[in-house]
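I am opening my notebook to record what I looked up in this structure, entry by entry.

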Amino acid sequence: MSVARIVLRNGYKDIQYQPLPKEIEDAEDVESPVSVGGCTLDIATTPTSSNNEQQRLLTDDGEANIPLQTDDPEFNELIAESERAIDEGILPERIYQGSSGSYFVRDRDRKTIGVFKPKNEEPYGHLNPKWTKWMHKMCCPCCFGRSCLIPNQGYMSEAGASVVDTKFGLGVVPKTKVVALASETFNYTPIDKAKAKSVKFATERFPDTLGKNMKAGLPPKIGSFQVFVNGFKDADFWIRRFQEEPLPPEVQKHFQHLFERLVCLDYIIRNTDRGNDNWLIKYDKEKADDPEECIYVAAIDNGLAFPFKHPDEWRAYPYYWAWLPYASVPFSDHTKDLILNKLKDLDLVQEVIDELYNVFKHDKGFDKNLFERQASVMRGQILNLCQALEDKKSPLQLVQMPLLRIERRGDGKSNRGSNFIQRFQDKYPFFSAC
Ligand SMILES: Nc1ncnc2c1ncn2[C@@H]1O[C@H](COP(=O)(O)OP(=O)(O)OP(=O)(O)O)[C@@H](O)[C@H]1O
Ligand SMILES: [Mg+2]
């Protein structure tokens, strides 16, 4: 692993790469300090935005401790409505095409309002309803699992993508948070089902003061809940359509901006699963007079992001959008103006990392060191993205830039003189196209 020396001042704009002596460049894992002047960078292990209110509202399902309520009243109301619908027998419905237990959640008018993905029904969760995933896990985990990701934390990644999207003002991820829900349509163990049966039997004698699911005794499942967006179709569908029937120029321009925001999101979170079926487009050609009302993009299925290292084994997990013609167009000034200053604001970057910490830390498998590595990958991605926006590169050129991580050194307890080391990736996967 080669290491370069880097000086960060007042954001990323004054980055100075200092050439290294040849022997150091060739050495494995040699560290060289990075000094940060004039920037206040706190560490991820001492989040600034810890919230006592939330600490008091923790629930524990044996998988994670999560706040019973989010800090977003609108979102809380959506969850309350989902619970009321479940109580009235309008139960979440499994999405059959998915590789895991994912559910469409409806309101009392039977309108779909969210997508719920329980942690323990994720591809490698112990209650995943798909037998093919069970076979993968049992027979050949090294061929199917993603070694760069922390296993079974997809729901956290879903919520984390929403944090990044909101904080950087990208506006492409439907709001997603971690919640707890119970429904008899979810996949439970035979023991849970048996327990539920006896609780139900006992509580049926009491008047209807308890919610039905409480009565049924089913344990709530922790998982991600994403707001359902209406009228969207897989990007694959629309992209094929646009090839036959090109968009009007102004609409095309707006679509290109939305596409660039998707690229920024995926690059920052280092999404390893962005096929063209994992982002959605809504297009209403009747509204071509107003491009912003005419076309929308939604980045869904963000559960396989936030790796703790760059992919370096068998598969490269490319961003599938890189092969689209839109990826060869240089980043627009519009996108640069929207995001570059935010990405260069190291305080904001640290705030995002702190907020991710505050989400991820609730998982039972949370590991501070792995989180620190996730943050290092993300800082490296942000640095590359800044450079690409500054140089007006295209998304295709962005994904070809040398990969790096920016690691924090020391205990980081002091804001002054926190040290960062930039490390270039020198190990690349065997297969680069899959
Ligand atoms: N927020 C959303 N709004 C509207 N539709 C959605 C949303 N999330 C998911 N969907 C729909 O549900 C389908 C499955 O969702 P998703 O890809 O997130 O599930 P999954 O179980 O992770 O599937 P897989 O692992 O096969 O990709 C999507 O292709 C899309 O059609
Ligand atoms: Mg999907």
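Entry on the ligand. Before listing neighbours I noted the cut-off, by which a residue is near a molecule if its C-beta atom, placed from the backbone, lies within 6 Å of it. The model I am reading is a predicted one, and in it I found 16 residues surrounding ligand 1, the closest being Gly98, Ser99, Ser102, Ile300 and Asp301. I sorted this shell by residue type and wrote down seven nonpolar, six polar and three charged residues. I also looked up which domains supply the shell, and found at least three residues from domain 1 (3-50 + 233-424) and at least three from domain 2 (53-227).

Entry on the strands. I followed β6 (residues 93-94) to β7 (residues 103-106), an antiparallel pair joined by two bridges, in which glutamate 93 has phenylalanine 104 of β7 as its bridge partner. From β7 I went on to β8 (residues 112-118), which runs antiparallel to β7 and is joined to it by four bridges; here arginine 106 is partnered with threonine 112. Five residues lie between the strands of this β7 and β8 hairpin, where arginine 110 takes a positive phi near 65°.

Entry on phenylalanine 331. I located this residue in the loop between β13 (295-299) and α12 (333-344). Is phenylalanine 331 buried or exposed? I recorded phenylalanine 331 as buried, because 25 other C-beta atoms lie within 10 Å, and 20 or more are needed for that label. Leaving out residues up to four places away in sequence, I listed its contacts, among them Glu260, Lys336 and Leu389. Finally, I noted that aspartate 391 is 60 residues from phenylalanine 331 along the chain, with 9.0 Å separating their C-alpha atoms.

Notes:
Residues are numbered from 1 along each chain as its sequence is written. Chains are lettered from A and ligands numbered from 1 in the order in which they are written. This is a predicted model: local features need pLDDT of at least 70, side-chain atom pairs count only at pLDDT 80 or more; totals for chains, interfaces and linings use all residues. Ala, Val, Leu, Ile, Met, Phe, Trp, Tyr, Cys and Pro count as nonpolar, Asp, Glu, Lys and Arg as charged, and the others, Gly among them, as polar. Domain bounds come from an automatic or database domain assignment. Two strands pair if DSSP finds at least two bridges between them. A residue is buried if 20 or more other C-beta atoms lie within 10 Å of its own, exposed if 12 or fewer, and partly exposed in between; C-beta atoms are placed from the backbone. Two residues are in contact if their C-beta atoms, placed from the backbone, lie within 7 Å.
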